[in-house]
Amino acid sequence: MTGTDVAPGVQGGEPQLTSEQFQRLSSYGERRTVQAGQVLYATGDSTYDLFLIESAAVDVVREASVSEPEHVVYTRSAGDFMGELSILTGQKVYVTARVREQGVVVQLHARAFRAALAEQVDIADVLIEAFRLRRRIMLDSAGSALEIVGRPESAGNRALRTYAARLQLPHSAFDADSVAGQSLMAAYGLAAEDLPAAVLFDRVLVRATPQDVARAVGLSFEPSDRDVDLVVVGAGPAGLAAAVYGASEGLVTVMLDAEGPGGQAATTSRIENYLGFPGGISGDELTRLALVQALKFGAQVYAPCHVVGLRGEPDGPVLTLQDGSEVRSRAVIVATGAHYRRLSVARWEEFEGRGSIRYSATELDVAGCESRPVTVVGGANSAGQAALFLASRGCRVDVVVRGGRIDKSMSSYLLGRLEAHTMVTIWTNARLLELCGADELEAVVISADGGVPFASESSAIFCFIGAEPETSWMGEVARDVHGFVLTDVALAAARVPGHADGPLPYETSLPRVFAAGDVRAGSMKRVASAVGEGASAVASVHRAFSRLSDLASR
């Protein structure tokens, strides 16, 4: 077998189990003899088991599609193990595992696999890191069972690609006007009115949405009879932290999000003041790592999944989903954050639909804007980070700030860089008055500091003017005049009737419903504080359950 009895090894950049760890993990499974050509799991399967290889060799195969022939992604041999991130996420399988050389494998069914992750911490670390790296290999070089074709400027096409990226779905994206895109469209009989389209496991989704893809890959919520301890609504930093702490502390945890993990943090090109990352970290990378961490501890993640209602019942809060189904839980943590504000400017929705107006500045959003003039609207840190990121891609950037002093809303380290950058111009006391262009945005008209309005070339607008809380679905839960959720001491200050024993930290006016992160009145609106609130809300969930136990024992 590979590895040693001392410490986990690394092969090709991937961690390996030691011989001792391999044997320890094998005790959770069943030994099986397998023959050459036998399939352990196949592309499109809804679930699969973990396999340890004692003496066989197994090919991981990307099956043939219209755009590429079948090919072997990698081969696993004696001492190795099968699987990648989908074994944790519950997504359908993207590759086929086919035995190359007969031998013996050890099969760990789902329950045994989860038990091993919980009980064997050193082994879990090796498996999780290997799964993460294998998904990266699939994303970068293995091709994909999910193929997206559309026009780059289409908002619908970008929504599909953003969703696939946030959920770490192995996918390939094709410009509908490229040779490869035209070939894919011809092969599946797709017309311009069918775009954006997604091809998944040879199933064609026309005018596809993230919801369509979620259903196809197995990420749509399906009601079950399983008791749920905690439902986390919203998968931004606060929600991800709540899911990690809830699941790691033994709570059966389900996380629901209307779009995909990350929230507004995932749209940030670089977070430089997050503790532990002196070189900074992108919001997208922070989201990916946090999601894997939540999955490691057994949290179930479903997105997109729209929650439209909330009510309290004696056994616990009940959530209503958009399709009318209900989710019952012992407790709920609401971490829905906020949705982006839009400017009241003529033709805003028109250009938004054409992809010229964007609310984030990730690599995907910036693609196509390189070395072209752009406009950033907003004066907070997110706008400053976006402006610097765009300038680093050769863009001439106009930063349009409503207020007269940007130093009141932006960190000094960011403002100093913006003011020193030759590609960035900051306009204060400024407004966008007009959007110009025929089919595409060509220029914007700006009024600044009371001067004469002027036109400035612009190929895209990146809008960071704040957000409004996502709380309209929360029924009778108490909120402030701006719609943010009142919790604990804020309930008393607003003279909202409290609970019999007083609300716990982060608890709302509805018992066993908690709020954390940007959605909560009085929150700091920072990534680090949102993570802290999500974790702290879980501590209050445990205290709420203790109260219930005390009442039951009286």
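Reply: Apart from neighbours within four places in sequence, Val 106 is in contact with Ser 26, Gly 29, Glu 30, Arg 31, Leu 50, Phe 51, Leu 52 and Glu 54 (contact meaning heavy atoms within 4.5 Å). The model is predicted, so local features need pLDDT of at least 70 and side-chain atom pairs count only at pLDDT 80 or more, while totals for chains, interfaces and linings use all residues. Residues are numbered from 1 along each chain as its sequence is written, and side-chain values use heavy atoms, with hydrogens and water left out.

Val 106 belongs to strand β9, residues 103–108 (helices, H or I of at least four residues, and strands, E of at least two, are DSSP runs numbered from the N terminus). Val 106 counts as buried because its relative accessibility is 0% (buried is under 20% relative accessible area, exposed over 50%, and partly exposed in between, with a 1.4 Å probe and protein chains only). From Val 106 to Ala 521 the separation is 415 residues in sequence and 52 Å in space, C-alpha to C-alpha.

Two further positions may be set beside this one. Ser 86 lies in helix α2, residues 86–89, and is buried because its relative accessible area is 3%. Not counting residues up to four places away in sequence, Ser 86 touches Tyr 48, Gln 91, Lys 92 and Arg 135. Ala 258, by contrast, is placed in the loop between β15 (253–256) and α9 and counts as partly exposed because its relative accessibility is 33%. Beyond its neighbours within four places in sequence, Ala 258 is in contact with Pro 304, Cys 305 and His 306. Ala 258 and Val 374 stand 116 residues apart in sequence and 29 Å apart in space, C-alpha to C-alpha.

Turning to charge, the count comes to 31 salt bridges (a side-chain nitrogen of Lys or Arg within 4 Å of a carboxyl oxygen of Asp or Glu). One of them joins Arg 76 to Asp 80, with the closest N and O atoms 3.3 Å apart; both residues are buried. Arg 76 and Asp 80 also belong to a network of salt bridges that links them with Glu 14 and Arg 134.

Helix α9 (residues 283–296) holds both Arg 288 and Glu 285, 3 residues apart, about one turn of the helix. Their side chains meet in a salt bridge at 2.3 Å, N to O. Arg 288 is buried because its relative accessible area is 18%, whereas Glu 285, at 22% relative accessibility, counts as partly exposed.

Glu 363 and Arg 393 form another salt bridge, their closest N and O atoms being 2.6 Å apart. This pair links distant parts of the chain, 30 residues apart: Glu 363 is in helix α11 (residues 363–366) and Arg 393 in the loop between α12 (381–392) and β24 (397–400). Glu 363 is partly exposed, with a relative accessible area of 49%, and Arg 393 counts as partly exposed at 29% relative accessibility.

Lastly, Glu 440 is found in the loop between β26 (430–436) and β27 (443–448) and is partly exposed because its relative accessible area is 47%.
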